[in-house]
Amino acid sequence: DCDTFKYYVDGEWRRSCSGHSVTINNPSTRKPLFKVQACTQEEVNRCIDSAKTAQKIWAKTPLWKRAEALHKVATILKEQKAPIADCLVKEVAKTSKDAVVEVVRSGDLVAYAAEEGIRILAEGKFLVSDPFPGNDRNKYCLSSKIPLGVVLAIPPFNYPVNLAVSKMAPALIAGNAVVLKPPTQGAVACLHMIHTFHLAGFPKGLISAVTGKGSDIGDYLTTHPGINCISFTGGCDTGIAISKKAGMIPLQMELGGKDSCIVLEDADLELAATNIIKGGFSYSGQRCTAVKVVLAMECIADALVCKINGKLCKLTVGMPEDDCDITPVISDTSANFIEGLVQDARCKGARFHQEWRREGNLIWPILIDFVRPDMRIAWEEPFGPILPVIRIKTVEEGIHHCNANNFALQGCVFTKSFDKAMMISDAMESGTIQINSAPGRGPDHFPFQGLRDSGVGSQGITNSINMMCKTKTTVMNFP
Ligand code: G3H
């Protein structure tokens with residue numbers, strides 16, 4: 001009885017000729033909610049062929065017109081925030097409040113990308129030849145940025161709209177076409193978002209959204225010779241698999257994180273605890289930038305844990321429609337994985353400040369104290385509302401723990417000493433270190449990158465536009 005949604009190609013909404021669909025469950029009810037088309041490889045070919053043709057014309061469309069079209073999308077996205085947010089609430093159990101924030105943030109991102117594109121792409125480079133030894137001034141070199149071609153955008157379930165437009169808007173302003181592969185959970189929110197591009201009058205074929213099972217079309221898409229760039233956000237294993245199979249094309253990947261939060265003896269503990277709660281438990285910990293391990297100096301650990309617990313017990317647990325702080329995690333599989341980490345920590349002697357409680361996919365928040373390096377939770381990413389605390393004797397111990405992890409997305413340090421903060425920021429080998437604040441991607445024009453297994457390349461609006469272009473040079477010779 002679920003509503004079935006069509007996929008988008010050639011400026012039209014179509015049913016797949018496969019006759020099959022993929023079911024999206026509501027994580028809160030664990031019951032089927034929507035269905036999307038299970039597209040075939042032939043349908044993927046059609047999306048990419050159309051994108052190739054449309055891109056050639058789009059690349060020649062004046063930049064100001066491309067920007068104007070994106071501004072229209074930004075306006076329509078904000079006008080359509082209620083129905084899109086409603087999908088996010090149902091499909092990915094994001095609270096109503098946060099779902100609206102995601103859509104509005106996406107509108108702002110699209111508008112900013114349009115403006116930033118105008119700034120970046122207006123600039124070219126002019127060089128003369130005679131500075132280099134042996135040359136006369138008889139060559140003029142002109143360089144500018146041109147699009148890559150067709151960008152494959154693969155966003156994750158936790159920000160299906162925002163992390164889709166964070167790839168699409170930079171790609172489009174730079175003159176690329178986009179093929180979007182929405183995540184299964186969040187696919188319908190993605191399709192609603194795609195409709196705003198349709199309403200804004202984007203050329204037929206330039207943008208498509210192809211839904212389906214990863215096992216049917218995932219590898220086919222990522223290895224397709226018609227794709228000129230992949231921008232992926234999602235699980236580490238999938239990201240590594242894509243990077244091994246993809247051809248010689250630019251890759252942009254944001255994968256997992258195990259963001260460390262180092263709290264020094266001179267920290268403002270109230271500030272640290274507030275940020276640890278916000279950073280560790282917002283969207284039930286399902287953010288790659290969530291605080292995923294607290295590394296607290298022994299001398300302040302009791303006081304810090306006490307403050308965190310005081311705030312943690314005030315978190316409301318329930319359904320996203322009620323704007324509860326903690327809502328069901330995305331799937332049974334995810335909840336089982338989280339439970340496995342908790343059981344491992346319990347068996348190995350960690351101290352629990354709250355009782356383990358789970359109903360379906362709903363998991364009550366827990367602070368797990370006295371975690372040691374032999375416990376899985378010290379290293380693995382739960383993507384759920386459970387937070388380990390490791391008590392450290394020295395700052396070096398904390399830095400070592402942070403750097404010994406395969407993940408290296410963000411991290412943070414709490415201290416009143418600017419010198420110590422800068423020293424620790426330098427020593428923590430992660431993409432971004434926040435001083436006296438929880439990790440976070442935004443504002444969306446800031447650079448955003450993971451080191452080691454946390455990703456490839458750097459994102460943020462400016463970096464994404466630059467990454468989705470190549471340099472084209474013309475040399476004028478005067479013999
Ligand atoms: O989950 C990954 C996102 O890039 C995190 O974004 O820091 O704005 O929550 P956020």
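Predicted model: local features only at pLDDT ≥ 70, side-chain atom pairs only at ≥ 80, totals over all residues.

Author: Residues are numbered from 1 along each chain as its sequence is written.

Reader: Why is T471 called exposed?

Author: A residue is exposed if 12 or fewer other C-beta atoms, placed from the backbone, lie within 10 Å of its own, buried if 20 or more do, and partly exposed in between. T471 has 10 other C-beta atoms within 10 Å and is therefore exposed.

Reader: Which residues is T471 in contact with, leaving aside its neighbours within four places in sequence?

Author: T471, which lies in strand β25 (residues 469-477), is in contact with S143 and K145, contact being defined by C-beta atoms, placed from the backbone, that lie within 7 Å. By C-alpha atoms, T471 and E381 are 38 Å apart in space and 90 residues apart in sequence.

Reader: What makes the span of helix α10 close to the expected one?

Author: The expected span is 1.5 Å times one less than the number of residues in the helix. Helix α10 (residues 298-312) has 15 residues, and its first and last C-alpha atoms are 21 Å apart, close to the expected 21 Å. Its buried residues are A301, L304, V305, I308 and L312, and these pack against elements including β13 (259-263), α9 (269-281) and β14 (291-297).

Reader: How many helices and strands does the protein have, and what counts as one?

Author: There are 14 helices and 25 strands, where helices (H or I, at least four residues) and strands (E, at least two) are DSSP runs numbered from the N terminus.

Reader: How do you know whether the radius of gyration agrees or disagrees with that of a compact globule?

Author: The globule rule is 2.2 Å times the number of residues to the power 0.38, and the radius is taken over C-alpha atoms. With 479 residues, the rule gives a value near 23 Å, and the protein has 24 Å, so the two agree. Of these 479 residues, 53% count as buried.

How values were computed. Contact = placed C-beta atoms within 7 Å.
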